[in-house]
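Subject: Handover of a structure and notes on what was found

Dear colleague,

Please find the structure below, together with its sequence. I would be grateful if you would read the notes that follow with the model open.

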Amino acid sequence: MRAPTELRCEYEANPLGLHEPRPRLSWRMACEGCPPPQSAYQILAAHSPEDLHKDRGTLWDSGRVRSARSHAVAYGGPPLRSREAVFWKVRVWDEDGKATAYSTVASFEMALLHGHDWQADWIGWPGGRPGRAVYLRCGIDLPGLPSRARLYIT
């Protein structure tokens, strides 16, 4: 039996900006002559893909859950924080108790979940000229090359 494929979180592949406090995870089984039905699953979640490559669910390990469910399984780890990135993978067991390999690693990232997470002021047209389009831009100086960045706008 092949490892699960097409991992999704909230029905999307590797989504960013989730507001759902317990995101729903889904996967499919590769159908090569249609595999035997799933009898159980195990989800591992971590803050880094490196932990998952070592089969360590440092954020959450569902353990072996007896269930044929592979759609909209709610995240069951500790409460997620604003901006938190989560990496996850899953394996399943068939009706004979044989486990697949783990899937490839997927991810999701939480949005700014609380009003106090926003650290900006409203921007408007100087002099309050309503109905006019505003082109906004600015430059910033960074002390070095960032490893990653995310811009939150609305």
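This is a predicted model: local features need pLDDT of at least 70, side-chain atom pairs count only at pLDDT 80 or more; totals for chains, interfaces and linings use all residues.

The notes below go from the chain as a whole to its sheet, its aromatic rings and a few single residues.

First, a word on the source. Residues are numbered from 1 along each chain as its sequence is written, and side-chain values rest on heavy atoms, with hydrogens and water left out.

The chain as a whole

The chain holds one helix and eight strands. Here helices (H or I, at least four residues) and strands (E, at least two) are DSSP runs, numbered from the N terminus. In sequence order the pattern reads β-β-β-α-β-β-β-β-β.

Of the 154 residues in the chain, 34% are buried. In these notes buried stands for under 20% relative accessible area, exposed for over 50% and partly exposed for what lies in between, with a 1.4 Å probe and protein chains only. The chain exposes about 10,400 Å², and carbon and sulfur atoms supply 51% of that area. Accessible areas were computed by the Shrake-Rupley method with a 1.4 Å probe, and for residues only the protein chains shown count as cover.

Contacts (heavy atoms within 4.5 Å) also say something about the fold. Among those in the chain between residues at least 6 apart in sequence, 67% join residues at least 24 apart.

The sheet

Three strands make up an open sheet in the order β1-β2-β6, with antiparallel pairing. β1 and β6 stand at the edges with a single partner strand each, so one side of each has no neighbour in the sheet. Two strands are taken to pair if DSSP finds at least two bridges between them.

Strand β1 (residues 4–9) and strand β2 (residues 24–29) are joined by four bridges in the antiparallel sense. Within this pairing, Thr5 has Arg28 of β2 as its bridge partner. Two bridges, again antiparallel, link β2 and β6. Here Arg24 has Ala74 of β6 as its bridge partner, and Leu25 stands opposite Val73 in β6.

The aromatic rings

A pair of aromatic rings is described by how far apart the centres are and by the angle of the planes. Rings of Phe, Tyr and Trp (its six-membered ring) were paired if their centres lie within 6.5 Å; planes under 30 degrees apart count as stacked, over 60 as edge-to-face and the rest as tilted. The count by this rule is three aromatic pairs. In one of them, the ring centres of Trp60 and Tyr75 are 5.3 Å apart and the planes stand at 65°, so the pair is edge-to-face. This pair links distant parts of the chain, 15 residues apart: Trp60 belongs to strand β4 (residues 60–61) and Tyr75 to the loop between β6 and β7.

Tyr75 also forms an edge-to-face pair with Phe108, at 6.4 Å centre to centre and 80° between the planes. Because Tyr75 lies in the loop between β6 and β7 and Phe108 in strand β8 (residues 106–109), this pair ties together parts that are 33 residues apart in sequence. Trp60, Tyr75 and Phe108 form one aromatic cluster.

Are the residues Trp60 and Tyr75 buried or exposed? Both are buried, and the relative accessible area of Tyr75 is 1%. Phe108 is buried as well, with a relative accessible area of 2%.

Single residues

Ser82 lies in the loop between β6 (73–74) and β7 (85–94). Its relative accessibility is 16%, so Ser82 counts as buried. The side chain of Ser82 makes a polar contact with the side chain of Asp117 at 2.3 Å. A polar contact is a pair of N or O atoms within 3.5 Å; within protein, one must be able to donate a hydrogen and the other to accept it, and residues adjacent in sequence count only if both atoms are side-chain atoms. Apart from its neighbours within four places in sequence, Ser82 is in contact with Ala111, Leu112, Leu113, His114 and Asp117.

Tyr11, in the loop between β1 and β2, has a positive phi near 70° although it is a residue other than glycine.

With kind regards
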